[in-house]
Amino acid sequence: MSQKDYGVKIPVLDKENYFHWKVKMRLPLMSIDEGYVECIDHGPHVPMKPNTSIAQAPAGAPNTIPKLPSKWTPDDNIDVHKDKKAMNILFNGLDSDMFDNVINCSTAKEIWDTVQTICEGTEQVKENKMQLLIQQYEHFHFKSGESLNDTFSRFQKLLNGLKLYGRVYQIKDSNLKFLRALPNEWKPMTVSLRNTQGYKDFTLERLYGTLKTYELEMEQDEEIEKVQKKTGFVALIASVNKAEDMKEETAKATPSTSACEGRTESRKCKGKMIQESEPSNKDEMDDLDEHLAFL
């Protein structure tokens, strides 16, 4: 049976991203039939019947015992066959290399557990990995050059990894850890949230949304401040240019000192010439009077 026959896309395993595959694979199994998830978690369905011989059985004997295959009902056959269908789905989600590791598995649970051991390691290895993630969580902090989105994505990925290993923190604790990891420029907002205790009721996504809104407001204020500074600088330049233009116009309208001095000197020369010419005119008049007297 191919992937198209199930009506859903079966994710193919990538060893480097086993956690993602693990989550994605459970969804198709559950969407097709929740009984398939029961098969990978607890093993194939085993039809049971009441233990009628419990009166003669020793103390502690089970109340039910497995049915003989010949006594299975049609519903029993359907439930038992679900394990084979789950196996087929899992096989479709494995590449050739991984398929070679599970080819001899007889149940869906055996396939699931084998893949998990290969990708995650033994219980001891899983414990070591979980402890490493716990240390990363305890020392989580903002990295230089990161944006709010980068820090949030890294923190959320860390929480998801811990959850897959069975370590889950209370929402208020993880929110407080994230607030404390932010740099000093976020301090006004983080202190406000911590003082109002509002962060305790937020999901991590809602907390991120609140901080993102604050970030956008800060960026908007910075942009307005830049525009105001730029506008003020432009106004200053215009004022200086206007003052220089007025100075030039004043200089054109007012005669220069040298020009004034030139005109003053010209007036003095003209006056001197007039004064010098007056005695000459007087002599001429005296000569004329003497000539008339002789006549």
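Modeller: Helices are DSSP runs of H or I with at least four residues, and strands are DSSP runs of E with at least two, numbered from the N terminus. This is a predicted model, in which local features need pLDDT of at least 70, side-chain atom pairs count only at pLDDT 80 or more, and totals for chains, interfaces and linings use all residues. Residues are numbered from 1 along each chain as its sequence is written, and side-chain values use heavy atoms, with hydrogens and water left out.

Biologist: How many helices and strands are there in the protein?

Modeller: From the N terminus on, the elements run α-α-α-β-β-α-α-α-α-α-α-α-α-α. The protein has 12 helices and 2 strands.

Biologist: In which helix do Lys212 and Glu215 lie?

Modeller: Their side chains meet at 2.9 Å, N to O, in a salt bridge (a side-chain nitrogen of Lys or Arg within 4 Å of a carboxyl oxygen of Asp or Glu). Lys212 and Glu215 are 3 residues apart, about one turn, and both belong to helix α11.

Biologist: How many residues apart in sequence are the parts that Asp41 and Arg26 tie together?

Modeller: Asp41 forms a salt bridge with Arg26, with 2.9 Å between the closest N and O atoms. Asp41 lies in helix α3 (residues 34-42) and Arg26 in helix α2, so the parts tied together are apart in sequence by 15 residues.

Biologist: At what relative accessibility does Asp76 count as buried?

Modeller: Buried means under 20% relative accessible area, exposed over 50%, and partly exposed in between (1.4 Å probe, protein chains only). Asp76 counts as buried at 10%.
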